[in-house]
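Thanks for making time this morning.

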Amino acid sequence: MALTEGEYEFTCDECNGDGSLQYIRAAVDEAGDETDEAELVWDKCDDCYGDGTVTVDDKVAAEKIEYGQTPIRTPSSS
Ligand SMILES: [Zn+2]
């Protein structure tokens with residue numbers, strides 16, 4: 001799939017490319033009530049919708065590159 005001009009693809013930095021995130025939520029007991037205990041659950045990453053990659057425009061891409069990320073694909077490299 002070719003990128004539109006001005007679009008850059010990065011590994012999702014929220015989930016590190018996994019497409020899913022582990023987070024902590026309150027555990028529920030058999031009655032469905034929240035308990036004092038926490039449990040770890042996996043859920044689909046909100047940033048990349050489970051893809052593991054995000055496609056951003058050149059403005060956001062410039063910011064990400066400034067923060068040290070390297071694009072997986074750029075419009076010129078495809
Ligand atoms: Zn993600």
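How many residues lie between β2 and β3 in their hairpin? There are five, and G32 in that turn has a positive phi of about 90°.

A word on conventions before I go on. This is a predicted model, in which local features need pLDDT of at least 70 and side-chain atom pairs count only at pLDDT 80 or more, while totals for chains, interfaces and linings use all residues. Residues are numbered from 1 along each chain as its sequence is written.

Let me start with the overall layout. The protein contains four strands and one helix, arranged along the sequence as β-β-β-β-α; helices (H or I, at least four residues) and strands (E, at least two) are DSSP runs, numbered from the N terminus. Its radius of gyration is 17 Å, whereas a compact globule of 78 residues would have one near 12 Å, the radius being taken over C-alpha atoms and the globule rule being 2.2 Å times the number of residues to the power 0.38. Along the principal axes, the C-alpha atoms fill a box of roughly 55 × 25 × 15 Å.

T35, in strand β3, is exposed because it has 11 other C-beta atoms within 10 Å. Leaving aside neighbours within four places in sequence, T35 is in contact with A26, A27, V28 and D29, contact meaning C-beta atoms, placed from the backbone, within 7 Å.

Now the helix. K59 sits in α1 (residues 58–66), and K59 counts as exposed because it has 10 C-beta neighbours inside 10 Å.

Finally, the interior. Buried residues make up 12% of the 78 residues. The largest nonpolar core consists of eight residues, Y8, F10, C12, C15, C45, C48, V54 and A61; such a core is a set of buried Ala, Val, Leu, Ile, Met, Phe, Trp, Tyr and Cys residues joined through C-beta atoms within 7 Å.

Note on methods. A residue is buried if 20 or more other C-beta atoms lie within 10 Å of its own, exposed if 12 or fewer, and partly exposed in between; C-beta atoms are placed from the backbone. Two strands pair if DSSP finds at least two bridges between them. Two residues are in contact if their C-beta atoms, placed from the backbone, lie within 7 Å.
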